[in-house]
Amino acid sequence: MTLPSDFPLEPPATNKDPHRDYRGLDRDKLTPMYQHYVEVKETYPNALLLYRVGDFFECFFQDAVIISRELELVLTSKEGGKGIGRVAMTGVPHHALERYSRLLVEKGYAVAICDQVEDSTEAAAEKRLVERAITKLLTPGTLTDEGMLNAKKNNFLAAVVITGENWGLAYADISTGEFYTTQASDLTALSLELTRLQPSEILFPINAPDLNRILRPGEKSDHLPPLFTR
């Protein structure tokens, strides 16, 4: 993301008011770890990013605010770099990652896991940042880990295409290999079919009609629920 030249830079933050938005910061002043965190975050802007730091998976800035609220965790802060001040932070122990990730996915969030992909002692010996990379991207409809699935129901990922009154629907359960397609020319039938299937996640084209209005007639909310992904 490239910011406009007149984008205001935030002043140094304090313990009581840590930075929650990295976009207004001078990135050259961030520590190397935060620079990498921001780089990864901008690659996955629609996911909550959990970033391995020692024995914890930590998150920063606005993601920290969201995760601390949703998981009822303490929101704290860390020094972000010389002249930067404090940045918002929270985290979970690495051994509890699956449980907390599942809770976030159940609430409709996508979760990106950025783990260490080399021995940290080697990086420490060479006095450099340990190498990290995205190892998992979890969304409600793409779960395969048994510990995150409900054994009593399918976990369908659905995709919808709508042209006028005509629609096509494909849905799959990645954990079982089931795959189905159907189509019709009545939007009411689409609403009924999705209600019957109860998919965990629905994908639809960015230029498609608003499924929120089709499935919930009469509601005036301009925001799509987490179920829908353009």
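## Basis

This is a predicted model, in which local features need pLDDT of at least 70 and side-chain atom pairs count only at pLDDT 80 or more, while totals for chains, interfaces and linings use all residues. Residues are numbered from 1 along each chain as its sequence is written, and side-chain values use heavy atoms, with hydrogens and water left out.

## Aromatic pairs

The structure holds nine aromatic pairs. Rings of Phe, Tyr and Trp (its six-membered ring) pair if their centres lie within 6.5 Å; planes under 30 degrees apart count as stacked, over 60 as edge-to-face and the rest as tilted.

Tyr-37 belongs to helix α1 (residues 32-43) and Tyr-51 to strand β1 (residues 47-53), so the pair ties together parts that are 14 residues apart in sequence. Helices (H or I, at least four residues) and strands (E, at least two) are DSSP runs, numbered from the N terminus. Tyr-37 counts as buried at 1% relative accessibility, and Tyr-51 counts as buried at 0%; buried means under 20% relative accessible area (1.4 Å probe, protein chains only).

## Charge over a ring

The charged end of Arg-99 sits over the ring of Tyr-100, 4.5 Å from its centre. This term requires NZ of Lys or CZ of Arg within 6 Å of the ring centre and within 35 degrees of the ring normal.

Notes: Buried < 20%, exposed > 50% of the residue type's maximum accessible area, 1.4 Å probe, protein only.
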